[in-house]
Amino acid sequence: MKVIALKCKICGKEFPPKALYTCDNCFGPLEVKYDWEFIAENVSKEKIKKGPLSIWRYADFLPIENVDPIDLGAGYTRFIKAENLGKELGLKNLYLIDDSTNPTYSFKDRVVSVAVTKAKEFGMKAVGCASTGNLAGSLSAHAAKANLPAYIFVPRGIEKGKIIQALVHGANVIEVEGTYDDANRLATEVAEENPDWGFVNINLRPYYAEGSKTLAYETAEHLNWELPDQVVVPMASGALLCAIYRGFEDLKRVDFVDGEVIMNGAQPAGLPIAKAVKSGGDVIPVRELKTIVHSLAIGNPADGMFAKEIIEKTGGYAEDPSDVESIEGVKLLARTEGIFTELAGGVTIAGLKRLVEEGRIDKSDVVVAYITGNGLKTGESIVSYLEDTIKIKAKLEEFEEVISW
Ligand SMILES: Cc1ncc(COP(=O)(O)O)c(C=O)c1O
Ligand SMILES: [Zn+2]
């Protein structure tokens, strides 16, 4: 067995590897504890190379024991040398992982594929989540494939595209009055009442979070088993940044790589993690969320404290671009690399730009930025910031007049 226990991230108390997520001793969150001797004996670079073109090529590092994965093809997305964007920002070795091309168009497919597989392994009767939108779409699709009903709690006012995506797969979508944090509180109550339902980011959270480690494995594999100097990660709850860090640490444990990666975060202005890193203070929840970047709008980030610790420990930083800067980030990436990302990707690019301008990233550093979602989902939020179409009659003279402007 790969998974030995669940372990409290704060006091270290261990629990059996069931659908648990908080420590009864200190209320800290739990994480998966693995048998590293077992993993090191089983995993090899050659085996990975021959594996499927999805996150499941790294199955030896994932917390699933003996059930076939619910695999829509998440992960192993494009790894791109971003020459044009690099030139624009003054970076010689800028790479992107483009998760806007995942099966449901965001990185959430990585975590959901693992969590729904775990729900199957536990023999659960239904799955659910609280979501800012991307998770809703991903969970509804994976639940359909797994033949499980899905209960999805979203805050009122998220983008229509994201709701449609959840509904089309047959999920029960519950729009809760309030913010993501209100939806999450309600979903937690429902999870407590129904222990045989797997709420992927609540009672399955320790397993779910592990799916994002695959972004670290892909990064190293594409760099011929070298680590980058720095990475830039978008943050909402902070889980993604923590998982990518753990992924790099896993690779060191099995002697695939050595060295340290500087972990940087990017979060919309006003949100707690970037605020805490910038001020040097604690991660203090905020109630009012003013940003239009709905996918990153979490006021009470579950992994905020841990994300901040990792950023500081590795010598990284967090940037907090404004909404306008993030829209400019979306446009810059589209114009230079032909990738249409959602606003979370705009936050990442705008954060990267600031880090370079501040001299925190060196011109020759090998940098990887994670593009985590697709722009078609949030088109309505940026349409008013784009040039309008050119409207003419179907006459050659009119076209010629237009291009002579
Ligand atoms: C597109 C996108 N990127 C990044 C994140 C950040 O995720 P985390 O909550 O793990 O920090 C999210 C979260 O919903 C997201 O939807
Ligand atoms: Zn504890």
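The protein is divided into domain 1 (1-34) and domain 2 (78-104 + 210-385), with bounds that come from an automatic or database domain assignment. The centres of domain 1 and domain 2, taken over C-alpha atoms, are separated by 27 Å. The model is predicted: local features need pLDDT of at least 70, side-chain atom pairs count only at pLDDT 80 or more, and totals for chains, interfaces and linings use all residues. Residues are numbered from 1 along each chain as its sequence is written, while chains are lettered from A and ligands numbered from 1 in the order in which they are written.

Ligand 1 is surrounded by 16 residues, of which the closest are Ala236, Ser237, Ala239, Thr372 and Gly373; a residue is near a molecule if its C-beta atom, placed from the backbone, lies within 6 Å of it. The shell around ligand 1 comprises seven nonpolar, eight polar and one charged residues (Ala, Val, Leu, Ile, Met, Phe, Trp, Tyr, Cys and Pro count as nonpolar, Asp, Glu, Lys and Arg as charged, and the others, Gly among them, as polar).

Helices are DSSP runs (H or I, at least four residues), numbered from the N terminus. Axes are lines fitted to C-alpha atoms over the stretch in contact, and angles run from 0 to 180 degrees between N-to-C directions. Helix H10 (residues 239-253) packs with helix H12 (residues 304-313) at an angle of about 50°, the axes being 8 Å apart. H10 and H12 are therefore oblique to each other (angles under 35 degrees count as roughly parallel, over 145 as roughly antiparallel, 65 to 115 as roughly perpendicular and the rest as oblique). Their crossing is left-handed, that is, the near helix is turned anticlockwise from the far one by less than a right angle, clockwise being right-handed. In this contact (C-beta atoms, placed from the backbone, within 7 Å), Leu241, Cys242 and Tyr245 of H10 meet Phe306, Ala307 and Ile310 of H12. The contact residues of H10 with H12 are six nonpolar, no polar and no charged.

H12 also packs with helix H11 (residues 272-279), the axes coming within 9 Å and crossing at roughly 40°. That makes H11 oblique to H12, and the crossing is right-handed. Pro272, Ile273, Ala276 and Val277 of H11 are in contact with Gly304, Ala307, Lys308 and Ile311 of H12, a set of six nonpolar, one polar and one charged residues.

For helix H4 (residues 108-121) and helix H5 (residues 134-145), the axes come within 9 Å and cross at roughly 40°. H4 and H5 are therefore oblique, and H4 passes H5 in a right-handed crossing. Lys108, Asp109, Val112, Ser113 and Val116 in H4 meet Asn134, Leu135, Ser138, Leu139, His142 and Ala143 in H5. By class, this contact has five nonpolar, four polar and two charged residues.

Definitions and conventions
Helices (H or I, at least four residues) and strands (E, at least two) are DSSP runs, numbered from the N terminus. Two residues are in contact if their C-beta atoms, placed from the backbone, lie within 7 Å.
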